[in-house]
Amino acid sequence: MKNAYDYLKLLEPAPAWITGYTETPIARIPVISTELDSFDRTGSIKVRLGIGRDNYTVPPGLYAVGKPDNTSPVLVTANYKLTFDSLRSELEGVNAWIAVLDTKGINVWCAAGKGTFGTAELAGRINALRLRRLVSHNVLILPQLGAPGIAAHEVFRLCGFKVVYGPVRAADIKDFLFNDMKATEEMRRVYFGLHERASLVPIELIHNIKPMLVIFGILLLLNLIAGKYTGFVSTLGMTALNYIPYLAAFIIGCAIVPLLLPRIPFRSFALKGLLLGLLPGLFVLLFPGAFGYAEDGWPVKLAVLMITSVIASFLSLNFTGSTTYTSLSGVRKEMKYALKPYIAAGLLGLVFLAADSISRFLN
Amino acid sequence: MKLRYLKNVSTLELDKEKCIGCEMCTLVCPHRILVMNEGKAFITDKDLCMECGACAKNCPASAISVQVGVGCAIAVLNGLFRKTAPNCDSGSLLKGGKGCC
């Protein structure tokens with residue numbers, strides 16, 4: 001890392017979250033606000049919707065909160081602005097140094113898993129920032145969820161600072177600091193409650209829109225080839241009607257399963273998705289006219305059931321990547337069982353739809 | 001309503017002989033499945049392990065091992081098709097290619 005203080009140049013003019021500067025033997029360190037303004041709040045909402053998520057960062061480097069001196073604690077965090085904001089908003093009344101690592105704009109836990117919130121980056125940055133000249137102690141307080149990326153014993157060897165793992169949630173930091181750096185069991189435990197699951201739903205929906213549009217396109221094409229309806233506009237309208245069960249499967253996989261997670265039977269996400277995912281297809285079998293399938297035979301209706309079930313099940317299985325408790329081994333096992341049925345049902349469904357469309361075309 | 005995932009899949013292994021009783025693993029586990037028992041670490045509920053790797057990474061005695069990796073379905077598929085470890089790279093994430101996260 002060339003000059004670890006080059007980040008200061010990136011902070012001219014100073015953003016709203018910098019309220020001043022404090023002179024230290026090593027550099028003029030920016031003092032950050034512990035209050036979030038409307039810009040910060042809208043930024044948080046936008047990234048939860050997938051907007052601007054690739055570039056929502058703060059420059060990695062050293063910052064101050066309150067009026068820290070050489071005895072003040074050093075808190076380490078990631079350069080994802082959502083993370084940075086979550087931390088500073090809990091530090092009112094605290095005097096501390098904040099060391100922001102370059103995690104490429106990714107939050108602590110994901111970055112730790114990937115290795116970017118890692119031993120090398122931590123030790124490298126602490127050394128480059130010359131932190132030893134700033135504080136008279138040698139303790140770095142890290143978020144507990146940084147642990148998958150940090151070998152605490154190695155950090156000491158590399159930069160002479162001892163890693164102490166703080167609580168999982170920033171909200172508990174004050175209690176942690178004022179209790180002589182002791183965390184309770186609950187402070188060290190990760191949950192996955194409704195509120196947390198709900199906050200993941202918008203991104204799940206947005207990330208999976210493209211394939212869903214492609215599917216709509218294919219259905220439209222098949223309806224046009226079949227020549228079932230007169231004119232493009234009525235074909236488009238009928239396709240939209242046909243598409244409702246697919247849309248339902250999409251919502252089941254991206255929203256309903258995540259929201260109702262603990263209440264849905266089975267531990268397997270593919271099965272949770274399948275269980276609920278059979279419903280749209282079932283409705284098509286029971287009320288075909290409602291979705292524009294009144295004139296279609298059983299192969300088409302079966303195809304809708306198969307394809308929508310696969311959509312709901314796969315999207316549910318994919319949600320495992322966003323949970324706080326599923327394991328890679330578990331997802332591997334799920335995929336081992338689910339992949340062939342997904343491919344078989346998906347292809348068979350497509351074949352039935354295409355065959356129906358082509359046979360109508362030929363008549 | 002405790003959320004539990006699949007049974008008997010976790011790759012978490014603890015070698016009691018190597019354990020030096022430093023307690024780091026008991027500190028970092030996000031699901032609190034490692035506790036101390038007679039001066040050594042002990043796994044209480046292996047099925048609650050999410051294979052995050054925090055314990056193994058912080059064991060100075062290399063007494064714990066676990067297979068870590070990106071655990072989402074698309075990453076697993078990516079790995080299967082490209083015959084690599086699960087990954088969310090499309091092209092190359094590090095070269096600015098668009099990954100998922």
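This briefing walks through salt bridges in the structure above. The model is predicted, so to speak of local features a pLDDT of at least 70 is needed, side-chain atom pairs count only at pLDDT 80 or more, and totals for chains, interfaces and linings use all residues. Residues are numbered from 1 along each chain as its sequence is written, chains are lettered from A in the order in which they are written, and side-chain values use heavy atoms, leaving out hydrogens and water.

**The count**
- A salt bridge here is a side-chain nitrogen of Lys or Arg within 4 Å of a carboxyl oxygen of Asp or Glu, and the count over all chains is 17.

**Pairs within a helix** (helices are DSSP runs of H or I, at least four residues, numbered from the N terminus)
- Lys81(A) and Asp85(A) form a salt bridge at 2.8 Å, N to O, and both sit in helix 3 (residues 81–88) of chain A, four residues apart.
- Lys81(A) is buried (under 20% relative accessible area) at 4%, and Asp85(A) is buried at 1%.
- In helix 5 (residues 119–128) of chain A, Arg125(A) and Glu121(A) are also four residues apart, about one turn of the helix.
- Their closest N and O atoms are 2.6 Å apart, and both residues are buried.

- Arg360(A) and Asp296(A) meet in a salt bridge at 3.0 Å, N to O.
- Arg360(A) belongs to helix 13 (residues 328–362), while Asp296(A) lies in the loop between helix 11 (269–286) and helix 12 (298–318), 64 residues apart.

**A network**
- Salt bridges with shared partners join Asp40(A), Lys81(A), Asp85(A) and Arg88(A) into one network.

How values were computed
Helix = DSSP H or I, 4+ residues; strand = E, 2+ residues; numbered from the N terminus. Buried < 20%, exposed > 50% of the residue type's maximum accessible area, 1.4 Å probe, protein only.
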